[in-house]
Amino acid sequence: MLRYIVLLILSSSFFMSFGQSGLSPKIASYDINLVLDVDQKKVFADQKLIWRNPSDKEVSDLQFHIYYNAFKNSESTFMKDRGVFDGLLSEALEEGTGWARTDILEMFDEAGNDLTENMTYIQPDDDNEKDQTVLRVKLENPVQAGAIDTFQLKWVSKIPKTMPRTGYNKEYYFMVQWFPKVGVYELAGSRYAEEDQWNCHQYHSSGEYYSDFGDYKVSMDVPADYIVGASGVLKDKQEKGARTIWTYEVEDVIDFAWTTSPHYSVMKDKWEDVEIKLLTYPNHEHCAPRFFQSMKNVLAYMDEHVGAYPYPTITIVDPPIHGLFTGGMEYPTLISSLSFCFFPKGVRTPEILVTHEFIHQYFMQMIATHEVEEPWMDEGFTTYFESRVMNKYYGEYNSTIDFAGIQIGNAEFNRIEFLSSDNPKIAAGNTKSWEYKHGGYGTIAYNKTAMWLKTLEGIVGIEAMDDIMKSYFEKWKFQHPCGEDFTAVVDDVVRKRHGDKFGENMDWFFDQVLYGTVECDYAVKSISNSKQAQPAGFLDGETVVALDVEKLKPGQASKVILHRLGEMILPIEVLVNFENGTAKMEYWDGKARSKEFVYEGEQKIISAIIDPEKKIDMDTNYLNNSMALEPQATGIRKYFVNFLLAAQEALQSITALI
Amino acid sequence: MRSVITVLFSGLKALFSNWEMWLLVYGVNVFFALFVALPFNSFFKSSLGNSLAVNESLNRFDYTFISDFLNEYGLGFSQVLNQSYFVLALFLLLSVFLMGGIIDSLLGKRAEFSFKAFWTACHHHFWRLLRLTIYYFLFHIGLLLIFVQIFSIGGLSPFELETDADVISRVQWVGGFYLFFVALIMMFQDYAKVKVVQTDERWITNSALAGIGFTFRHFFACMFLFIIQVLFFVFMTFVYITIRKQFFMSSEGTILLALFLGQIYLFGRMGVKLLRLSIAGEHIRVYKEETSKHI
Ligand SMILES: [Zn+2]
């Protein structure tokens, strides 16, 4: 009896704290009790939603994401975006196990009004009536301005098999976007809202996150041999015969994810006060040090360069091979990576995924941007910091691959991914996730954004960049900033650190890199050291002054000509090297189509280099950034010898057939 | 066992006493490789020979340099590569052509290597060895297809696998058997080639079958000799890679050293390839002598 009283006090105190103290505004909190039926592949749930109306007007409806309905039929917007017969989708759908759904069996408000009949599916993005991923519930009693109301839902979900990001396969379950989640009620003036409104998009194949902060308490009733990992901290574990109930709690987050499998090995480590938990399969246990070390690296780096990680835990899920579809995902305090038992150390996929997915705890989780409307704000920022972290701990030129003589750095890999894409100009950086109709989501939202952030770092300097990121985090953590909120922070910091060196604001930069599609390419066109004579000819009308060949001197007029080949205009540094070993750094605003630097004197120019420190990551071609007077004989010979040896080896290998 | 060792040493002896031929094979390789590498060199020089990026990339595997080169000059580069397919086809034909002379010389009919006899044998055996090469090429393709099928039993989808260790064990088992059969076909081919040159019959079927028959009858000896040669190759490759890993081609000296080491390695590889034929020829000869002694 005493135990029940203690539990009652504990659970009521959990919700009494709601809306009061804490890191975040706590708009939407959840208390969910669920039963996992592993035979039917279903979840049965009782869900309590505690919602605070952030507006100063009453709200007469609620809107929910019902993500699992994306897998309800082939006509959903998700399926149409992705293509039913695309890769992993088709197999599970053909055998029938891929289809899934969530049915809300009943919903009551605090006063006991039955809202079950007030539910309708809406399609705010595309009017696709077959899409049932957004549910609108008309309230009997509107939620008053600033008031907190509680809603009680009972629902059942059929879990999909091997769908993107979520579902089950064999005995492995990865449960994300799994419960009816209320949308964000945006206030006029915040982000792009002109009036108070629901922002609740349909589930698209790219982009997931945009939710309000709150506290979660989730109790998961699973078969006794299953091990559960979830967002937050394990508060209670009760064994009841053939079943075990695992209760996890987490505060000030925008979402909740969980996973279960009877085969998990649970391993633990620590960084300062943060417990790092790894859920992996037994034959991957030897990879644990790689997961833990990379997690410690990224925790330390983000703490130093952006801000503190305030949660007591972070859980890494390392899916089994049949759970590949869930690898490389990010949810509050729970991320998934990927490893194979045979991964060589120099192939750093596990480290990159841990790093990348953890950085999302900052960009999309704590700074709760809208991944669907502005994917660049979470994927791009995350990719930018991924390179910084990986390059710091594993080396600038081998942080992605260091294997079999091949070395590739993270930032350089990112740059080439963008430049080698089919069409780097396919869309502007601020494109909404579902508007990347013909490709470019990955290369623009991830790669290009990371490149222009690195370019910004090059232009304003690393100290100013750190200042920008720290200020952005401090100002916008536990809120929902939009792109303009970020550029305003950049303007403030740049003005504070550089005055008007870069103009009144940085619009000239963002108009090109974020809102535009132009590409950047500066080139050294020529170097000349022409001899210059004294003036000659009919200089004063009648008498001819002869050309005095003796007075021709080399290097009297040395000249470097630069070209701007791309449409993008950026301030450029140019290093000019002279024969006597001296060098001069020149600055060009980069605006004209061509530019020359002329030097009068005895010294010959021997080479010129645009952007010698490679600050402009956006430059599409580094090869034409420099020119020397003399051919680079040693380098040319190196590539010749390499090519010759490769040709000889290829010829010799082919004789194996003879 | 004693006769197998004898075969190995007399094979080595035959190879070294025909060193002119070994040099010739090496020379042909260099000549054809230059046909590919020289156009690349002039293309490379003219497109970015004056860019400082070329020398900057000396001290590491420069992914940015390589990718920018392919992005900017990929079209010109692929034209150079396309030309090399033609060179490759010519090289293959010439290699088949040389095979007759090589085997003829290795069979030790003459006291000294003779280029005249070598070219005559090349010419004489060319069409039959070409047919044999085509047949064995088809065998290799067939074998590969069969093993791809075997590898796919139970599905290749990762979603069907219980653990990734399944993939490893499948690669180990199927790959192991595949390599065994590849070795077997190569052995058949070596002995068949020798038989084709030795018997000098118009139709190659009997010789090819005789080669297979010989391999089966002397399976362990053949396998032992084959493994010895594979070990030669593995050892050489290991030593080469180990030394090459010690330095970057970052100066004129190291570039020259890499070129020199590469040539030694390739020369050695060609020697091992020739040794296989030499040993096959000696093996058949020694066996013949032994059987005639018994008679
Ligand atoms: Zn991401």
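An axis, for a helix, is a line fitted to the C-alpha atoms over the stretch in contact, and the angle between two axes runs from 0 to 180 degrees between their N-to-C directions. With that picture in mind, let us walk through this model, which is predicted.

Two packed helices are described by the angle between their axes and the distance between the axes. We can start with helix α9 (residues 462–476) of chain A and helix α10 (residues 483–498) of chain A, whose axes come within 9 Å and cross at roughly 135°. The two helices α9(A) and α10(A) are therefore oblique to each other. Seen as a crossing, α9(A) passes α10(A) in a right-handed way. If you look along α9(A), you will find residues including Ala464(A), Ile468(A), Tyr472(A) and Trp476(A), which take part in the meeting with α10(A). On the α10(A) side, the partners include Phe486(A), Val489(A), Val493(A) and His498(A). Sorted by class, this contact of α9(A) with α10(A) has 10 nonpolar, 2 polar and 6 charged residues.

Next, let us visit the metal. Which residues supply the protein donors of the zinc ion? They are His356(A) and His360(A), each through NE2, and Glu379(A), which is listed with two OE donors. These donors lie 1.9 to 2.8 Å from the zinc ion. The 4 donor atoms subtend angles of 51 to 155° around the zinc ion, and so the arrangement is irregular. Along the sequence, the donor residues follow the spacing H-x3-H-x18-E. His356(A) belongs to helix α5 (residues 349–359) of chain A and Glu379(A) to helix α6 (residues 376–394) of chain A, so the pair ties together parts that are 23 residues apart in sequence.

Those two helices also pack against each other. The axes of α5(A) and α6(A) come within 9 Å and cross at roughly 135°, and α5(A) and α6(A) are therefore oblique to each other. Their crossing is right-handed. Among the contact residues are the zinc donors His356(A) of α5(A) and Glu379(A) of α6(A). Others include Ile352(A) and Ile359(A) of α5(A), along with Phe385(A), Val389(A) and Tyr394(A) of α6(A). The contact of α5(A) with α6(A) divides into 6 nonpolar, 4 polar and 3 charged residues.

One more pair in chain A is worth a look. Helix α7 (residues 410–419) of chain A packs with helix α8 (residues 441–460) of chain A at an angle of about 125°, their axes being 9 Å apart. That angle makes α7(A) oblique to α8(A). Is the crossing of α7(A) and α8(A) left-handed or right-handed? It is left-handed. Phe418(A) and Leu419(A) are among the α7(A) residues in the contact, and Ile444(A), Tyr446(A) and Met451(A) are among those of α8(A). By class, the residues in the contact of α7(A) with α8(A) are 7 nonpolar, 3 polar and 4 charged.

Finally, turn to chain B. Chain B has 9 helices and 0 strands, and from the N terminus on its elements run α-α-α-α-α-α-α-α-α. Along its principal axes, the C-alpha trace of chain B spans about 75 × 60 × 35 Å.

Conventions. Residues numbered from 1 in each chain as written. Chains lettered and ligands numbered in written order. Predicted model: local features only at pLDDT ≥ 70, side-chain atom pairs only at ≥ 80, totals over all residues. Heavy atoms only, no water. Helix = DSSP H or I, 4+ residues; strand = E, 2+ residues; numbered from the N terminus. Parallel < 35°, antiparallel > 145°, perpendicular 65-115°, else oblique. Left-handed = near helix turned anticlockwise from the far one by under 90°. Contact = heavy atoms within 4.5 Å. Nonpolar A, V, L, I, M, F, W, Y, C, P; charged D, E, K, R; others polar. Donors = N, O, S within 2.8 Å, 3.2 Å for Na, K, Ca; no water. Tetrahedral: all angles 85-135°; square planar, octahedral: opposite > 155°, others 65-115°.
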